[in-house]
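Please look over the sequence and the 3D structure shown here.

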Amino acid sequence: MDDAELAQLLKNDRYPRSAGYPARWMVDASMGPNPLWQAEALIEHLPLQPGQRVLDLGCGTALSSIFLAKEYGVEVWATDLWIQPDENLRRITEAGVDDQVHPIHAEAHALPYAENFFDAVISIGAYHYFGTDDLYLGYLTRFLKPGGRLGISLPGSIDEPETLPPPHLASYWKWDFCAWHSPAWWRHHWEKTGLVTVELADRLPHSWHDWLQWNDACDLDAGTPGREEAQMLRADNGRTLGLTRVIART
Ligand SMILES: C[S@@+](CC[C@H](N)C(=O)[O-])C[C@H]1O[C@@H](n2cnc3c(N)ncnc32)[C@H](O)[C@@H]1O
């Protein structure tokens, strides 16, 4: 598929800032539903000031880190386990933000940062890999300044079904989808620690459509593993799945 056709498939007026980035650039480094759209939706409720220090935890290919640096003028520590920092440095340098975005290889439980260092932590499509542990929030918030903000966006369900998988999704289900929790689940998970005030926990509006739009475009472009997920989203028809967004302050 040519780049113009791909850009047309990924036109989405809900995310005007993301629209300034080439669809081809986003799709070729994709690891899940568009991280730029999710970052833009998070920052609507988690305003950032130029010069602030941001940890992008589980940044993958650092697309969201580049976006945050360019759009909001922040300095970002682009931290990931599976993607090597030299690969991310290439992308960061090509984007012209190597003075603002620092690629770091780290496991989420062994972060090489000083306490009280960050103004904000954001995590897109990643927090469920490590953050469902009751004690993880206490570890992570030590890296935030007092009054710092934490914002996550990740696959989730509208509520917590009594049995998994939901019958209409049984043929698509993978065992690790059990970590796709609801906004209410995350709110309680964080509030019970007494460490943060949850300012927002919702199902990202239109996120089911956005996720399907993304996977369909990736599939049409290159026939990706996104195809099966797109079939699942279509079978769900917005009943259960979407992206969960949670924002809190220490
Ligand atoms: C589905 S990818 C999402 C990447 C990117 N944020 C995006 O939205 O395109 C999940 C990311 O979580 C990261 N991750 C998973 N477990 C991790 C851990 N224990 N510590 C640090 N990163 C982790 C992986 O390295 C991977 O890049």
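**A walk through the model**

R142 touches E115 and N116, leaving out residues up to four places away in sequence. The model in which this contact is seen is a predicted one. R142 is in the loop between α6 and β5. R142 and I124 are 18 residues apart in sequence, and their C-alpha atoms are 20 Å apart in space.

Q38 has its place in helix α3. Is Q38 buried or exposed? Its relative accessible area is 4%, so Q38 is buried.

Helix α3 leads on to its packing with another helix. Two packed helices are described by the angle between their axes and the distance between the axes. Helix α3 covers residues 35–43 and helix α4 covers residues 63–72; they pack at an angle of about 45°, with their axes 9 Å apart. The two helices α3 and α4 are therefore oblique to each other. Their crossing, that of α3 and α4, is right-handed. On the α3 side the contact is made by P35, L36, A39, E40 and I43, and on the α4 side by L63, S64, F67, L68 and Y72. Sorted by class, the contact of α3 with α4 has 8 nonpolar residues, 1 polar residue and 1 charged residue.

Helix α4 also holds I66. I66 has a relative accessible area of 1% and is therefore buried. Which residues does I66 contact, leaving aside its neighbours within four places in sequence? They are W25, R91, I92, A95, V97 and V101. I66 and T132 are 66 residues apart in sequence, and 27 Å separates them in space, C-alpha to C-alpha.

A62 is found in the loop between β1, residues 53–57, and α4. The relative accessibility of A62 is 0%, so this residue counts as buried. Its backbone is a point to note. Most residues other than glycine have a negative phi, and most peptide bonds are trans. The phi of A62 is near 70°, a positive value in a residue other than glycine.

N237 also has a positive phi, of about 55°, although it is not a glycine. The place of N237 is in the loop between α9 (226–236) and β7 (241–249). Is N237 buried or exposed? At 55% relative accessibility, N237 counts as exposed, because exposed means over 50%.

The next backbone feature concerns a peptide bond. The bond from L164 to P165 is cis, with omega near -5°. P165 lies in the loop between β5 (144–157) and α7 (183–191).

Another loop, between β4 (118–124) and α6 (136–140), contains G131. G131 is buried, because its relative accessible area is 1%. Setting aside residues up to four places away in sequence, G131 touches Y136, W186 and H189. G131 and L233 are 102 residues apart along the chain, and their C-alpha atoms are separated by 24 Å.

L233 is one of the α9 residues in the contact between α8 and α9. How do these two helices pack, and at what angle? The angle of α8 and α9 is about 145°, and their axes are 9 Å apart. The crossing of α8 and α9 is left-handed. From α8 the contact takes in W208, W211, L212, N215, D216 and D219, and from α9 it takes in G226, R227, E229, A230, L233 and R234. By class, the contact of α8 with α9 has 5 nonpolar, 2 polar and 5 charged residues.

Helix α8, residues 207–222, also includes Q213. The side chains of Q213 and N12 are joined by a polar contact of 3.1 Å. Not counting residues up to four places away in sequence, Q213 touches L9, L10, K11, N12 and W37.

Notes:
Residues are numbered from 1 along each chain as its sequence is written. This is a predicted model: local features need pLDDT of at least 70, side-chain atom pairs count only at pLDDT 80 or more; totals for chains, interfaces and linings use all residues. Side-chain values use heavy atoms; hydrogens and water are left out. Axes are lines fitted to C-alpha atoms, for helices over the stretch in contact, and angles run from 0 to 180 degrees between N-to-C directions. Helices (H or I, at least four residues) and strands (E, at least two) are DSSP runs, numbered from the N terminus. Angles under 35 degrees count as roughly parallel, over 145 as roughly antiparallel, 65 to 115 as roughly perpendicular and the rest as oblique. A crossing is left-handed if the near helix is turned anticlockwise from the far one by less than a right angle, and right-handed if clockwise. Contact means heavy atoms within 4.5 Å. Ala, Val, Leu, Ile, Met, Phe, Trp, Tyr, Cys and Pro count as nonpolar, Asp, Glu, Lys and Arg as charged, and the others, Gly among them, as polar. Buried means under 20% relative accessible area, exposed over 50%, partly exposed in between (1.4 Å probe, protein chains only). A polar contact is a pair of N or O atoms within 3.5 Å; within protein, one must be able to donate a hydrogen and the other to accept it, and residues adjacent in sequence count only if both atoms are side-chain atoms.
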